[in-house]
Amino acid sequence: MSTSYEVIYFQIHGRAEPIRLLLTLAGQPFKDTALSRDEWKTSKATMPLFQLPVLVERTAQGEQRIPQSQAIMRHLARTFGYYGDDEDQMVRADVAAETCVDVASSISALLYGASKGNAELAAKYWSETWKTNVAKLSNLLEAAPRSAGGLLVRGQPTFADVNAFQVLHTHLAMRPTCLDDAPALRRFHDQMAALPQWQGYLSARRASEAAAST
């Protein structure tokens, strides 16, 4: 029995989308189980930490349920060779990935403001928080070795590049002009979006919930 994968999450991109993207990049088929809120109520108790996303990995030896989105990303990166070629690259990937997690977490203030019709909160996000986040991501990109060819770690994508692509894509879905002052980040996003492994998936995946929230 070959290894099979199932991603369990809600019917949104959220924390699971980088996992789906990484599996797709690796050419690994997976079952995408998108739970409704009612389904989650009945299945929550069966999850390792009572939260999502969860990756279910099935082999001839049995089934493993892995929680925590970045633990899942690192596991898949090690399994399929998307972590780095040496310790320096892996540290660089870890730093970039965690920075992207911080940036993604900051979106909650924007979405909350939009849901409450708080235009001032949304405006503050774009004028202050997003500018700081752009500076952080730009610094990471500028610090990458020349051999990385416009990516964050090396000349081939890592899980950190997948995280970065998704967080940039989410912001572009909300504000298409948000990278107008960061051309290097825009080139990075477009370079990742053009990966041949992703073409079928990106054209068919569900729309970003972020775009509908602003």
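This is a predicted model: local features need pLDDT of at least 70, side-chain atom pairs count only at pLDDT 80 or more; totals for chains, interfaces and linings use all residues.
The protein contains 9 helices and 4 strands. Read along the sequence, these elements follow the pattern β-α-β-α-β-β-α-α-α-α-α-α-α. The radius of gyration is 17 Å, close to the 17 Å given by the globule rule for 214 residues, so the protein is as compact as a globular protein of that length. Taken along the principal axes, the box filled by the C-alpha atoms is roughly 50 × 45 × 30 Å. Of the 214 residues, 45% count as buried. Among contacts between residues at least 6 apart in sequence, 67% join residues that are at least 24 apart.

Two helix contacts involve helix α6, which spans residues 159-174. In the contact with helix α5 (residues 119-143), the two axes come within 13 Å and cross at roughly 150°. Since angles over 145 degrees count as roughly antiparallel, α5 and α6 are therefore roughly antiparallel to each other. The crossing in which α5 passes α6 is left-handed. On the side of α5, the contact is made by Y125, W126, W130 and L137, and on the side of α6 by V167, L168, H171 and M174. Of the residues in this contact of α5 with α6, 7 are nonpolar and 1 is polar, while none is charged.

In the contact between α6 and helix α7 (residues 183-193), the axes come within 10 Å and cross at roughly 110°. This angle makes α6 roughly perpendicular to α7, because angles of 65 to 115 degrees are classed in that way. The residues D161, V162, A164, F165, L168, H169 and L172 of α6 meet L185, R186, F188, H189, M192 and A193 of α7. The contact of α6 with α7 comprises 9 nonpolar, 2 polar and 2 charged residues.

I19 is placed in helix α1 (residues 17-25). With a relative accessibility of 1%, I19 counts as buried, because the limit for a buried residue is under 20%. When neighbours within four places in sequence are left aside, I19 is in contact with V7, P53, S69, I72, M73 and L76. The C-alpha atoms of I19 and Q61, which are 42 residues apart along the chain, are separated by 23 Å.

R74 belongs to helix α3 (residues 69-80). At 15% relative accessibility, R74 is likewise classed as buried. Beyond its neighbours within four places in sequence, R74 is in contact with Y83, D94, E98 and F159. T99 is located in helix α4 (residues 87-115) and is buried, with a relative accessible area of 14%. Apart from neighbours within four places in sequence, T99 is in contact with K136, L137 and L140.

G62 is found in strand β4 (residues 62-67). Its relative accessibility of 32% places G62 in the partly exposed class. The C-alpha atoms of G62 and R206, 144 residues apart along the chain, are separated by 31 Å.

Several local features of the backbone remain to be described. Most residues other than glycine have a negative phi, and most peptide bonds are trans. L52 and P53, however, are joined by a cis peptide bond with an omega of about 10°. P53 is situated in the loop between α2 (37-43) and β3 (54-59), and it is one of the residues in contact with I19. F50 also lies in the loop between α2 and β3. The phi of F50 is near 60°, a positive value in a residue other than glycine. F50 is partly exposed, at 49% relative accessibility.

Q68 has a positive phi of about 70° although it is not a glycine. This residue is found in the loop between β4 and α3. At 41% relative accessibility, Q68 counts as partly exposed.

Key. Residues are numbered from 1 along each chain as its sequence is written. Side-chain values use heavy atoms; hydrogens and water are left out. Buried means under 20% relative accessible area, exposed over 50%, partly exposed in between (1.4 Å probe, protein chains only). Axes are lines fitted to C-alpha atoms, for helices over the stretch in contact, and angles run from 0 to 180 degrees between N-to-C directions. Angles under 35 degrees count as roughly parallel, over 145 as roughly antiparallel, 65 to 115 as roughly perpendicular and the rest as oblique. A crossing is left-handed if the near helix is turned anticlockwise from the far one by less than a right angle, and right-handed if clockwise. Contact means heavy atoms within 4.5 Å. Ala, Val, Leu, Ile, Met, Phe, Trp, Tyr, Cys and Pro count as nonpolar, Asp, Glu, Lys and Arg as charged, and the others, Gly among them, as polar. The radius of gyration is taken over C-alpha atoms; the globule rule is 2.2 Å times the number of residues to the power 0.38.
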